[in-house]
There are 2 protein chains.
Amino acid sequence: MRIAYQGEPGAFSEAAALALQPSADTRPCETFDAVFAEVDAGRATHGILPVENSIGGTIHRNYDLLLEHELAIVAEVEQSIVHHLLVRPGTRREDVRRVYSHPQALAQCERFLRAMTGVEIVATYDTAGSAKLVRDGAQADAAAIASARAGTIFGLDTLAAGIQDYPQNVTRFLVVARGAAPLGPPDKTTIVFTLGDEAGALFRALSVFALRGIDLTKLESRPVRGRPWEYFFYADLAAARQDPACARALVNLGEFARGVRMLGSYPRWRPPAATAPDGAVDI
Amino acid sequence: MRIAYQGEPGAFSEAAALALQPSADTRPCETFDAVFAEVDAGRATHGILPVENSIGGTIHRNYDLLLEHELAIVAEVEQSIVHHLLVRPGTRREDVRRVYSHPQALAQCERFLRAMTGVEIVATYDTAGSAKLVRDGAQADAAAIASARAGTIFGLDTLAAGIQDYPQNVTRFLVVARGAAPLGPPDKTTIVFTLGDEAGALFRALSVFALRGIDLTKLESRPVRGRPWEYFFYADLAAARQDPACARALVNLGEFARGVRMLGSYPRWRPPAATAPDGAVDI
């Protein structure tokens with residue numbers, strides 16, 4: 001497997017790729033768009049993309065990109081996120097004047113950062129990229145918030161470990177590929193659809209799953225561009241598409257929704273020693 | 001009315017405030033948090049906050065802030081968004097080397113920007129603030145994407161008008177205040193609730209509105225921090241809370257949802273000469 005991910009080596013996306021397949025050849029990309037492009041062009045067999053963090057919420061850009069590209073979701077991976085405050089060897093806590101990290105990571109460590117006085121907070125495009133920035137920077141008074149692995153890769157010391165505000169900080173990643181073959185027996189399905197402008201349209205669409213006892217674990221809406229206040233609805237179902245009830249529900253959905261598109265039916269992959277809670281909270 | 005808004009004079013939030021009340025005393029704030037704080041402290045009577053753009057989607061931060069503060073929604077305002085490419089007098093199109101604007105505005109003019117070659121795109125915190133930056137900057141090769149009014153305020157020339165990718169580009173703003181008294185007869189209600197972890201929980205919650213013919217115009221979910229994959233659901237209903245069917249539905253909702261909180265029942269305010277489509281697409 002050659003797995004494209006966004007960020008520098010040591011990024012949480014790379015950790016998720018290696019959790020899925022420890023022998024994977026991981027390929028760093030600057031943007032989410034570039035991850036999709038690598039898989040589109042066949043330069044990578046798979047792409048791995050964060051779609052939701054348990055604190056920060058949905059990463060909407062990746063939902064938009066799933067629609068723009070013809071890739072299928074072939075697995076889901078959950079990765080616990082543990083942030084560290086990393087500095088160049090020799091830098092003491094009282095020396096730190098600037099902290100670099102991705103906006104989501106900064107938000108996840110808000111309380112910790114608030115307690116650091118006289119420090120400038122600088123948003124960057126990547127957690128591991130911030131660790132690289134600290135290693136390569138001219139000043140010794142900078143720190144990065146990133147993974148322990150990023151610290152090892154870029155030769156930084158850990159000033160404080162596990163600094164996120166909430167101990168349960170988990171990111172869900174989707175693995176995409178050009179073929180729809182899932183990376184194991186599927187137990188989850190993601191679809192996207194739009195609705196007509198009638199009262200109760202969403203209720204009727206959800207009825208096809210609720211009345212058959214099929215659990216909905218996430219419902220996300222994104223705007224239909226150029227048609228104000230119309231939405232694409234992305235639904236995660238806790239069932240394989242081949243499951244007879246799910247297959248019937250999807251046929252039934254065609255009566256109540258427009259343009260139903262299958263984004264993938266795939267396994268929820270959990271690392272063997274996962275401490276993350278099970279991702280299937282039913283709604 | 002003293003209305004706090006995020007951005008510099010000439011920002012679209014200020015335009016929405018002046019569309020609501022042309023004689024309003026508008027008060028610029030650097031962040032959305034500061035807008036809430038101004039109203040909390042009574043330094044402004046109202047705050048105006050963008051919550052959704054028809055191209056870019058929901059501005060999630062403001063939904064989070066609605067939960068963190070005890071303010072009520074007292075009106076909704078729609079504002080058409082028309083972007084202009086603004087430069088210092090004398091700068092020609094072929095001179096432009098950098099374009100500044102808010103990330104949402106840059107995204108809304110993506111096709112236009114792609115056609116400008118050899119130009120660096122720089123994200124800033126505000127559209128009007130970018131116009132100010134261009135006026136005050138050392139170099140004459142910079143341009144800003146902002147409103148015509150921002151151009152007038154900061155003495156800039158318009159190189160290109162109406163440069164957004166989609167002609168129908170509308171932002172919905174919410175007006176918040178410390179008292180719940182709406183700015184006119186209410187015809188819309190926003191609530192927030194959470195759900196138990198049972199299959200069909202969302203379907204049952206929505207049934208209380210659908211079975212009474214009450215239109216749902218938006219459903220947004222945000223994470224419950226510290227409880228992975230549980231959500232706050234924000235629902236917009238096309239009815240006043242005093243409407244008998246709506247009042248009964250809200251009582252009924254208490255059986256199927258947890259912690260139902262009323263965020264406001266308020267009028268949808270439309271400028272007299274509005275070209276924006278009606279915001280009530282039912283789902």
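The contact between the two chains takes 38 residues from chain B and 37 residues from chain A, two residues being in contact if their C-beta atoms, placed from the backbone, lie within 7 Å. The model is predicted: local features need pLDDT of at least 70, side-chain atom pairs count only at pLDDT 80 or more, and totals for chains, interfaces and linings use all residues. Residues are numbered from 1 along each chain as its sequence is written, while chains are lettered from A and ligands numbered from 1 in the order in which they are written.

**Interface of chains A and B**
- On the side of chain B that touches chain A, α8 (201-210) and β13 (216-223) of chain B each supply at least two residues; helices (H or I, at least four residues) and strands (E, at least two) are DSSP runs, numbered from the N terminus.
- β13(B) gives the most to this side, with 7 residues.
- By class, this side of chain B has 19 nonpolar, 11 polar and 8 charged residues (Ala, Val, Leu, Ile, Met, Phe, Trp, Tyr, Cys and Pro count as nonpolar, Asp, Glu, Lys and Arg as charged, and the others, Gly among them, as polar).

**Helix α9 of chain B**
- The 13 residues of α9(B) (residues 244-256) should span 18 Å at 1.5 Å a residue, which agrees with end C-alpha atoms 19 Å apart; the expected span is 1.5 Å times one less than the number of residues.
- C246(B), A249(B), L250(B) and F256(B) are the buried residues of α9(B) (buried: 20 or more other C-beta atoms within 10 Å of its own; exposed: 12 or fewer; partly exposed: in between; C-beta atoms are placed from the backbone).
- Seen down the axis of α9(B), its buried residues fall within an arc of 110°, so they line one face of the helix; the arc is that of the directions from the helix axis to the C-beta atoms.
- The face turned away from the buried side of α9(B) carries the exposed residues P244(B), V251(B), G254(B) and E255(B).
- The buried residues of α9(B) pack against β12 (188-194), α8, β14 (231-237) and β15 (258-266) of chain B.
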